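Subject: Handover of a structure model

Dear colleague,

Please find the structure below, together with its sequence.

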Amino acid sequence: MVDWTWKALATVPACAGGIAGQSDAQNQSVSSGKLVSTDPPYYDNIGYADLSDFFYVWLRRALKPVFPDLFATLAVPKAEELVATPYRHGSKEKAETFFLDGMTQAMHRLAEQAHPAFPVTIYYAFKQAESDGADGTTNTGWDTFLAAVIEAGFAISGTWPMRTELSNRMIGSGTNALASSIVLVCRQRSTTAHTATRREFVAALKAELPKALAHLQAGNIAPVDLAQAAIGPGMAVYTRYARVLDAEGKPITVRAALALINQTLDEALAEQEVDADSRWALTWFEQTGFAEGDYGVAEQLSKSKNTAVAGLVEAGILVSKAGKVRLLKPAELPADWDPTTDTRLTVWEMVHHLIRVLEAGGEGAAAAIVTKLGSRAETARELCYRLYTLCERKKRANEAMAYNGLVQSWPEITRLARETPTPTKRTDDMFDSE
Ligand SMILES: C[S@@+](CC[C@H](N)C(=O)[O-])C[C@H]1O[C@@H](n2cnc3c(N)ncnc32)[C@H](O)[C@@H]1O
């Protein structure tokens, strides 16, 4: 730890400009006229007050004579803590209400006090394991928090993923934990905002989300963070209006808006053009994964995708035996594969070979393949977002982790690829991008 912290010290201004104080976010006045950047509690992720007791009891013994006011209580104060813990509030519903009311009040306080010339930036790094939305991604932790921010009079004008979480932190090890925090950029909501219909809202999402998605992908955002990063551009549309009303004139809730944002994101991801074999593989994979399925079903699907089972076998992605077919897992793909001599190169194959090579030989080995693929490698990286999203929805955590891992290793893979001499024969001309 000392090894990282001294680097930060070198950039700390050499003046005694900082102050530290303690107050309840629901009635503080420290933010008055200031530029605010804040890191609030993330729904029910961590009970800081309980955690603090562990240290507090020891600190109190040593420091009570020095700071009698700070250490007046036997344990850390708990009642004001904005955290949705059912054990403290009696039930899940009561905990949610407590969090929503308290957070709305805290956000109100910020909205009315913060300097109007600057946006308020709010860190939010929440990922709930159990999704409860109809589409499988919206969840209480997010929509309760967003509802509080919007209710408090803020419009959300952006969300920036920021790499803030260490991969070795305890809550992250061995899980698809967030690699980033999302910074919500909030401004006071315009008083002239007009009411929109659901149709207008959806049309605006369809027009604006694909561009935002391309921007996020260009920045190599981790697939695990994509859905939450897309909430920003989606919410920027939603909070542009005073209200969004459905056909019956009832307001569209934050939760419903998030579901529409996710749906539009899915559609935008599915717009990536891929070759016919990969299109077949994507649909098959969504339904069957790497498990076995009937030849007849596979053949029928292949007709609608303009390919054939025999061709998929020839492409090297499928086994077909005794009336059954299944997609080859990365580890089963031939180790001597060479994209420069592959006569039926598919983007599906590129992704899964890259995963195989990355897992078996590390980033250097993957870089050698990327060098041979040339600019086509980019299409493989892009497809990982769609594959990750699909696996996450289907709760296929291990596979999801592999696609996420490939994207996260991408900057290093391409850096190493740039250092590798380019092969004389390029594959770009051989690839039918269709
Ligand atoms: C996500 S943590 C911030 C962590 C901090 N950025 C750090 O790196 O140490 C959220 C913090 O909000 C505090 N908190 C919870 N309820 C609060 C309230 N009502 N008023 C002020 N702070 C509160 C928690 O105790 C916790 O320290």
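Where does Ser-32 lie? Ser-32 is placed in the loop between helix 1 (2-9) and strand 1 (37-38). Please note that this is a predicted model. Ser-32 counts as exposed, because it has 12 C-beta neighbours inside 10 Å and the cut-off for that class is 12 or fewer. Between Ser-32 and Leu-110 there are 78 residues in sequence, yet the C-alpha to C-alpha separation in space is 8.0 Å.

Overall composition

The secondary structure of the chain amounts to 14 helices and nine strands. The chain has 434 residues, of which 35% count as buried. When contacts between residues at least 6 apart in sequence are considered, 75% of them join residues at least 24 apart.

The nonpolar core

The largest nonpolar core has 104 residues, and the members that touch the most others are Val-149, Ala-230, Val-351 and Leu-354. The element that gives the most to this core is helix 12 (residues 347-373), with 13 residues. Both domain 1 (32-47 + 83-270) and domain 2 (276-430) supply at least three residues each to this core. Leu-354, once neighbours within four places in sequence are set aside, is in contact with Ala-366, Ile-369, Ala-380 and Leu-406.

Helix 9

Helix 9 (residues 276-288) comprises 13 residues, and its span from first C-alpha to last is 18 Å, close to the 18 Å expected at 1.5 Å a residue. The buried residues in helix 9 are Asp-277, Ser-278, Arg-279, Trp-280, Ala-281, Trp-284 and Phe-285. An α-helix has 3.6 residues a turn, so residues three or four places apart point the same way. The cover over the buried residues of helix 9 includes helix 10 (295-304), helix 11 (309-314), strand 9 (324-327) and helix 12. After helix 9 comes Gly-289, which has a positive phi near 65 degrees.

Tyr-403

Tyr-403 belongs to helix 14 (residues 397-419). Tyr-403 and Ala-222 are separated by 181 residues in sequence and by 9.5 Å in space, C-alpha to C-alpha.

Two residues with positive phi

Asn-220 is not a glycine, but has a positive phi of about 55 degrees. Asn-220 sits in the loop between helix 6 (198-218) and helix 7 (223-238). Asn-220 counts as partly exposed because it has 13 C-beta neighbours inside 10 Å.

Lys-395 is likewise not a glycine, and has a positive phi of about 60 degrees. The loop that holds Lys-395 runs between helix 13 (377-393) and helix 14. Lys-395 is exposed, because 9 other C-beta atoms lie within 10 Å.

Surroundings of the ligand

Which residues are around the ligand? They are Asp-24, Ala-25, Gln-26, Asp-39, Pro-40, Pro-41, Tyr-48, Glu-80, Glu-81 and Leu-82. Sorted by class, this shell consists of five nonpolar, one polar and four charged residues.

With kind regards

Note on methods
Residues are numbered from 1 along each chain as its sequence is written. This is a predicted model: local features need pLDDT of at least 70, side-chain atom pairs count only at pLDDT 80 or more; totals for chains, interfaces and linings use all residues. Helices (H or I, at least four residues) and strands (E, at least two) are DSSP runs, numbered from the N terminus. A nonpolar core is a set of buried Ala, Val, Leu, Ile, Met, Phe, Trp, Tyr and Cys residues joined through C-beta atoms within 7 Å. A residue is buried if 20 or more other C-beta atoms lie within 10 Å of its own, exposed if 12 or fewer, and partly exposed in between; C-beta atoms are placed from the backbone. Domain bounds come from an automatic or database domain assignment. Two residues are in contact if their C-beta atoms, placed from the backbone, lie within 7 Å. A residue is near a molecule or strand if its C-beta atom, placed from the backbone, lies within 6 Å of it. Ala, Val, Leu, Ile, Met, Phe, Trp, Tyr, Cys and Pro count as nonpolar, Asp, Glu, Lys and Arg as charged, and the others, Gly among them, as polar. The expected span of a helix is 1.5 Å times one less than its number of residues.
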